[in-house]
Amino acid sequence: MAVEFVYSGLKNFQACLQENWFLTNGVGAYCASSIIGAHNYLQQGYLVASLNPPLDRIMVLSKTEEKITCGGRIFDLSTAVHQGKNSLEYNIGNQFLKNFKYDGCATFVYECGRVKLTKEITLVQNENTCVIRYIVENSADEAKLSITPLLNFRDCDEELDVDTLKSKLNFEMLEELPKAAESNKTIGFYYPLPLNDKYTVSVAVSEGTMVGRYKMYDDTILLSHGTTEEQSAMDCSFAPLDFSINVPAGGVKEISFICQLTKTTKKGVELSLSANTAEGYLLKAKSRIEKLLKETGFEEETENAKVLM
């Protein structure tokens, strides 16, 4: 059983902002956004970790944004509202969004010319870990997928100005992940949690290259709902690097992405991802939801939907 929105229901940007999804890890952390991927609430993010379960929720990963490059064209799949100098500016990646499905995981399906991108998001139970599976099906010439993690550090319901964010998160803090073995294609970085080095944040993909960004901070993100339902809010983010993955002509590429908050150890950070690492976590999440639905004994689809939502 799933709550599903097809393309005809995903064209209206403003209407889709009011339709939201929510995932939890069972011990205080959560992941939330709208069905088109644009945040609408100050509390929404891909990894809102809990330092003292189920309390002390910290925004670690606001979201990831993607671009597909193929045939000399760039498809920007990001969705957001920005406060421009004179008017609002919209990123309308939902024009390429063909399907959204929520079944205990959140799945977005995009079509960019002859390239299809599937993005599936879940949280790992009992861990402060967000996992994303990307599947790129390329029926065209060689293509490239760019993944941009938008990082943050604030209380989940706190407004933060960009100068404060710069004082907490900066490029000099980042350390490249060491390679556990020559065959390990995992790339990424890690850094100590600001103001609390007992924890470490790690961000990685199963393969690709890391590309530095000229513009690392964005302080123009407008959210309709801030500290109160009636009050709008401004948000900012830190995006130091892009992950770039090449997809061969006529090929299919599967990529795993992970962002996690773990306790700092003397051993340091070791991450080894394979292309299908994320798939394992997704299957576990969907299996858990199916079990919950069976245990409820509900017969009506609307009642089952409440279990998911």
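I began with the terms: on a 1 Å grid over the protein atoms alone, a pocket is an open set of points with protein on both sides within 12 Å along at least five of seven lines, a cavity is a set where a 1.4 Å probe fits but cannot get out, and lining residues have an atom within 4 Å of a point. The model is predicted, so I noted that local features need pLDDT of at least 70 and side-chain atom pairs pLDDT 80 or more, whereas totals for chains, interfaces and linings use all residues. Residues are numbered from 1 along each chain as its sequence is written, and side-chain values use heavy atoms, with hydrogens and water left out.

Entry one, the largest pocket. I looked up its volume, taken as the space filled by probe spheres set on grid points that are joined across faces, edges and corners, and found about 660 Å³. Its lining has 36 residues, and Glu65, Ser78, Asn91, Leu150 and Arg213 lie nearest the centre. Strands here are DSSP runs of E with at least two residues, numbered from the N terminus. Among the strands that each supply at least two lining residues are S6 (73-76), S13 (143-155) and S20 (241-247), while S5 gives the most, with six residues. I sorted the lining by class (Ala, Val, Leu, Ile, Met, Phe, Trp, Tyr, Cys and Pro nonpolar; Asp, Glu, Lys and Arg charged; the others, Gly among them, polar), which gave 11 nonpolar, 13 polar and 12 charged residues.

Entry two, the cavity. My search of the whole structure found one cavity of 30 Å³ or more. The largest cavity holds about 70 Å³ of space, and 13 residues line it, with Gly37, Thr64, Glu66, Tyr110 and Lys119 nearest its centre. Strands S5 (55-70) and S10 (106-112) are the elements that give two or more residues to this lining, and S5 has the largest share, four residues. By class I recorded five nonpolar, four polar and four charged residues.

I placed Lys119 in strand S11 (residues 115-123). Lys119 counts as buried because its relative accessibility is 3%, and buried means under 20% relative accessible area, with exposed over 50% and partly exposed in between (1.4 Å probe, protein chains only). Its C-alpha atom is separated by 9.0 Å from that of Val136, 17 residues apart along the chain.
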